[in-house]
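Please look over the sequence and the model before reading on.

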Amino acid sequence: MAKTLLAIGAAMGALAVAIGAFGAHGLEGRVSERMLENYQTGVQYHMFHALGIIAVGLTATVIGGSALLGWAGGLMLFGTIVFSGSLYTMALTGMTWLGAITPIGGVAFITGWILLMIAAFKL
C-alpha cells in the first residue's frame, strides 16, 4: 500500500504542475478572472493533497499499512478528483452548476486528514 500511495501522490504532484502551467499560460485572457481564480484554487488543493497522499504513504512505511491509511489516501484522491476536477471543468466550460458538487470533494479532504490524524494517534 505504501508504494502505491507514494506513486499516486507523486503522479498527482506532476499532474498538478502540468495543469497549473496550462492554466497560467493557456487560460489567461480566455476565461474570466473569476474562473481563473477557481482554476488556481483547484490547482492549489490538487498539489496540497498530492503531498497529503505522499504523507499517508510515508506514514504507511513507518507504521505499516492499515485500513485507516488506505481510506485516508483514497479520500484524498477522491477529493482531488471531485473538488479540483469540478473547479477545472467549471473554469474550462463555464458550467457553474458544478460548484454544487465541489463541497463533496472538500468533505472527502477533511475526512482523509482526520483519518490520517487518527492513524497517527494509534502509533
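The points below are grouped by topic and refer to a predicted model.

**Helix H4**
- Helix H4 runs over residues 102-121 and contains 20 residues.
- From the first C-alpha of H4 to the last, the helix reaches 30 Å, close to the 28 Å expected at 1.5 Å a residue.
- The buried residues of H4 are Thr102, Gly105, Gly106, Ala108, Phe109, Gly112, Leu115, Leu116 and Ala119.
- Helix H2 (33-63) and helix H3 (67-93) are included in what covers these buried residues of H4.

**Packing of H3 against H4**
- The axes of H3 and H4 come within 7 Å of each other, and they cross at roughly 160°.
- Because angles over 145 degrees count as roughly antiparallel, H3 is roughly antiparallel to H4.
- The crossing in which H3 passes H4 is left-handed.
- In the contact of H3 with H4, 18 residues are nonpolar and eight are polar, with no charged residues.

**Threonine 59**
- Threonine 59 is part of helix H2, and H2 is among the elements that cover the buried residues of H4.
- Apart from neighbours within four places in sequence, threonine 59 is in contact with Gly64, Leu69 and Leu116.
- Threonine 59 and alanine 14 are 45 residues apart along the chain, and their C-alpha atoms are separated by 21 Å.

Notes: Residues numbered from 1 in each chain as written. Predicted model: local features only at pLDDT ≥ 70, side-chain atom pairs only at ≥ 80, totals over all residues. Heavy atoms only, no water. Helix = DSSP H or I, 4+ residues; strand = E, 2+ residues; numbered from the N terminus. Expected span 1.5 Å × (residues − 1). Buried < 20%, exposed > 50% of the residue type's maximum accessible area, 1.4 Å probe, protein only. Contact = heavy atoms within 4.5 Å. Axes fitted to C-alpha atoms, helices over the stretch in contact; angles between N-to-C directions. Parallel < 35°, antiparallel > 145°, perpendicular 65-115°, else oblique. Left-handed = near helix turned anticlockwise from the far one by under 90°. Nonpolar A, V, L, I, M, F, W, Y, C, P; charged D, E, K, R; others polar.
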